[in-house]
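Colleague: I have the file open. Can you take me through it, starting with the overall fold?

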Amino acid sequence: MTNQMGEKLRSMRKQKGLSKAELATKLNLSKDDIDMWEEGEKEPTPWQWVDLAKVYDMTVEKLQQGEERSYFKYKEELEQEAQNAKQFINKANYPIFITFLYLCLGVFGNLWHPGWLLFLTIPVYYLPERYKTPRALLTSPVVVVIIYLILGFYLDLWHPGWLIFFAIPLFNSFFNKDR
């Protein structure tokens, strides 16, 4: 942020008759944040620009006049920030769900031993979408390990079960010919 914008923020605060502490309280920030803005050391986040515009009873665009950034750029940044937060919350729920499911299986079904295999699904859940096709999942090392452990624990096929690890290079070489 430029010193010019910092001076503009300072003059607008004074025109409103607000001290740095009062403005900080209204914005739920510290006085140091206001100091850094007015000195040009730090720039408000997109959400803080919106809050500032509300305090000064104007649009973000008008508040930022003279700056290269436009309201539309901040709107895009706000939308992206909200989307990232939503994705994080959605992604964070899966490990919590798996932990809850594991505890339920253990407490109510005494299935502690096989239940821990559920935790191996967490890395698969976080794979990028392009790797979630049936073909890609069959060659995913995590899925292959899950299959191997199931073959070993439930069918006692530890020795022949290790052959499943050959699926990774075989499937990849077979299916990657068309690329």
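Modeller: The chain has 12 helices and zero strands, where helices (H or I, at least four residues) and strands (E, at least two) are DSSP runs, numbered from the N terminus. This is a predicted model, so local features need pLDDT of at least 70 and side-chain atom pairs count only at pLDDT 80 or more, while totals for chains, interfaces and linings use all residues. Residues are numbered from 1 along each chain as its sequence is written, and side-chain values use heavy atoms, with hydrogens and water left out.

Colleague: How much of the chain is buried?

Modeller: Of its 179 residues, 28% count as buried. Buried means under 20% relative accessible area, exposed over 50%, and partly exposed in between (1.4 Å probe, protein chains only).

Colleague: And what does the accessible surface come to?

Modeller: About 12000 Å², with 62% of that belonging to carbon and sulfur atoms. Accessible areas come from the Shrake-Rupley method with a 1.4 Å probe, and for residues only the protein chains shown count as cover.

Colleague: What share of the contacts join residues at least 24 apart?

Modeller: 50%, among contacts between residues at least 6 apart in sequence. Contact means heavy atoms within 4.5 Å.

Colleague: Now helix 1. What span should its 13 residues have?

Modeller: Helix 1 (residues 3–15) should span 18 Å at 1.5 Å a residue, and its end C-alpha atoms are 18 Å apart, which agrees. The expected span is 1.5 Å times one less than the number of residues.

Colleague: Which residues of helix 1 are buried?

Modeller: Met5, Gly6, Leu9, Arg10, Met12 and Arg13. They cover an arc of only 165 degrees around the axis, which puts them on the same side of helix 1. The arc is that of the directions from the helix axis to the C-beta atoms.

Colleague: Why would positions with that sort of spacing point the same way?

Modeller: An α-helix has 3.6 residues a turn, so residues three or four places apart point the same way.

Colleague: What is on the face turned away from the buried side, and what does the buried side pack against?

Modeller: The face turned away carries the exposed residues Gln4, Lys14 and Gln15. The buried residues of helix 1 pack against helix 2 (20–27), helix 3 (31–39), helix 4 (46–55) and helix 5 (60–63). After helix 1 comes Gly17, with a positive phi near 75 degrees.

Colleague: Pick out Met12 for me. What does it touch?

Modeller: Leaving out residues up to four places away in sequence, Met12 touches Tyr56, Met58 and Leu63. Met12 counts as buried, at 10% relative accessibility. Met12 and Leu63 are 51 residues apart in sequence, with their C-alpha atoms 9.2 Å apart.

Colleague: Which residues are buried in helix 3?

Modeller: Asp33, Ile34, Asp35, Trp37 and Glu38. The buried residues of helix 3 pack against helix 1, helix 2 and helix 4. Just after helix 3, Gly40 takes a positive phi of about 80 degrees.

Colleague: What about Lys20 and Lys42? Which partners do they have?

Modeller: Lys20 forms a salt bridge with Asp35, the closest N and O atoms being 2.6 Å apart. Lys20 lies in helix 2 and Asp35 in helix 3, so the pair ties together parts that are 15 residues apart in sequence. Lys42 meets Asp33 in a salt bridge at 2.8 Å, N to O. Lys42 is partly exposed at 30% relative accessibility, and Asp33 is buried at 13%.

Colleague: Which residues are linked in a network of salt bridges?

Modeller: Glu7, Arg10, Arg13, Lys20, Lys31, Asp35, Glu38 and Glu39.

Colleague: Last topic, the surface. Which residues form a nonpolar patch?

Modeller: Val145, Trp162, Leu163, Phe165, Phe166 and Leu170 form one, with about 540 Å² of accessible area together. Patches are made of residues with over 30% relative accessible area and no salt bridge; like charges are joined within 9 Å, and nonpolar side chains (Val, Leu, Ile, Met, Phe, Trp, Tyr) within 5 Å.

Colleague: Where is Phe166?

Modeller: Phe166 is in the loop between helix 11 (158–161) and helix 12 (167–175). Phe166 is partly exposed, with a relative accessible area of 45%.

How values were computed:
Salt bridge = Lys/Arg side-chain N within 4 Å of Asp/Glu carboxyl O.
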